[in-house]
Amino acid sequence: MRHLFYARSGGRRRGVLLALALFSVCPAVLTFGSTADASVGAPVDAGDVVVVAANQEKQVFDGDSNTPFSLRLPAGASCPGDSANDDWRVQSFVIPADLDPGALTYGALRPRGDNLHALYGADTRPFIQVLTGQNSGPGEPGLIVGVPPLSFAVFPAGMLPAGPYRIGIACTWFEKTAMYWDTELVLSADPDVEPGQFRWHVANDPAAALADDSNSSWAKGIAAVTLVAAIAAIAVIITIATRRRNVSQHRTAYKEHR
């Protein structure tokens, strides 16, 4: 009986010690989570990305849902820390243009929220939760190694409705955005393009701007010609009316003279 009591007593002691150990660990875990959130301040718009041809440095300004492309970051683009030592990650996003990339948080496959997407590689894998280059120790910036060839081919028709979007790359710490690089694309519907049925162009495409300027100049030229023609027509009408009035006056004078 005494042996049974000591066995039970020992079990209780071990249970208490285990509970105390777990209790001592839990605050550390909770503190770690809050520290992670606290370490990411206001998200930083770090600049633009440049849309380039896949595996090339050549800048491109348009394509369709099947066109391979990539994103070129500024030279030396990096996260505040690396993945191996500081748990930073590299993400990508495709979001409506009126949303703020700095407000995004990320899950396993895409940004969290409705109608928010990651960019996909030409291999159909989402470019998300990607590791940075490794440093020799903690506290050093983590280099973003590169962006692979990308494509919109994984998106079925209707998933990305026509309109303006922001696409880009972000650095996150525990899924929260700390900094990002982006640019704006405009999608337009095209039923002849499979599977996505859309085309895209970079919003700041200089060729499109030149076309707009040309169209504007053409419209201004048409307006100017129309104005000149209207003035000329009015002048002709006035001249004809004046001549008719003069003829009428001459006839009246002639009759009175007779």
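Predicted model: local features only at pLDDT ≥ 70, side-chain atom pairs only at ≥ 80, totals over all residues.
**Close-up views of strand β10 and its contacts**

View 1. T172 in β10 is the bridge partner of R89. The strand that pairs with β10 here is β6, residues 88–96, and the two run in the antiparallel sense over nine bridges. Of the 11 residues of β10 (residues 163–173), 10 are buried, so the strand is largely enclosed by the rest of the structure. In a regular strand, side chains alternate between the two faces of the sheet.

**View 2. The hairpin of β10 and β11.** Strand β11 covers residues 176–189 and runs antiparallel to β10, with 11 bridges joining them. W173 stands opposite K176 in β11. Two residues separate the strands of this hairpin, and F174 in the turn has a positive phi of about 50°. A salt bridge also joins the side chains of D182 and R166, at 2.8 Å from N to O. Because D182 belongs to strand β11 and R166 to strand β10, this pair ties together parts that are 16 residues apart in sequence. D182 and R166 are both buried.

**View 3. The salt bridge of E175 and R112.** The side chains of E175 and R112 meet in a salt bridge with an N to O distance of 2.6 Å. E175 sits in the loop between β10 and β11, and R112 in the loop between β6 and β7 (120–121), so the contact ties together parts that are 63 residues apart in sequence. E175 is partly exposed, with a relative accessible area of 32%. R112 is partly exposed as well, at a relative accessible area of 44%. The structure has five salt bridges in its count.

View 4. In the salt bridge between D190 and R199, the closest N and O atoms are 2.6 Å apart. D190 is buried, its relative accessible area being 14%, whereas R199 is partly exposed at 37%. Through salt bridges that share partners, D64, D190 and R199 are joined into one network.

**View 5. The disulfide of C79 and C171.** One disulfide is present in the structure. It is formed by C79 and C171, with their sulfur atoms 2.1 Å apart. The torsion about the S-S bond of C79 and C171 is about -85°, so the disulfide is left-handed. The link connects distant parts of the chain, since C79 is in strand β5 (residues 78–79) and C171 in strand β10, 92 residues apart. Both C79 and C171 are buried.

View 6. Seven aromatic pairs are found in a search of the whole structure. One of them, Y120 with F155, is edge-to-face, at 5.7 Å centre to centre and 90° between the planes. Y120 lies in strand β7 and F155 in the loop between β9 (150–151) and β10, so the pair ties together parts that are 35 residues apart in sequence. F155 counts as buried, at 2% relative accessibility. F152 and F198 form an edge-to-face pair too, with centres 5.7 Å apart and 65° between the planes. F152 is placed in the loop between β9 and β10 and F198 in strand β12 (residues 198–202), so this pair ties together parts 46 residues apart in sequence. Both F152 and F198 are buried. Ring pairs link F69, Y120, F152, F155, F198 and W200 into a cluster.

Technical notes:
Residues numbered from 1 in each chain as written. Heavy atoms only, no water. Buried < 20%, exposed > 50% of the residue type's maximum accessible area, 1.4 Å probe, protein only. Helix = DSSP H or I, 4+ residues; strand = E, 2+ residues; numbered from the N terminus. Pairing = 2+ DSSP bridges. Salt bridge = Lys/Arg side-chain N within 4 Å of Asp/Glu carboxyl O. Disulfide = S-S within 2.5 Å. Phe/Tyr/Trp six-rings, centres within 6.5 Å; stacked < 30°, edge-to-face > 60°.
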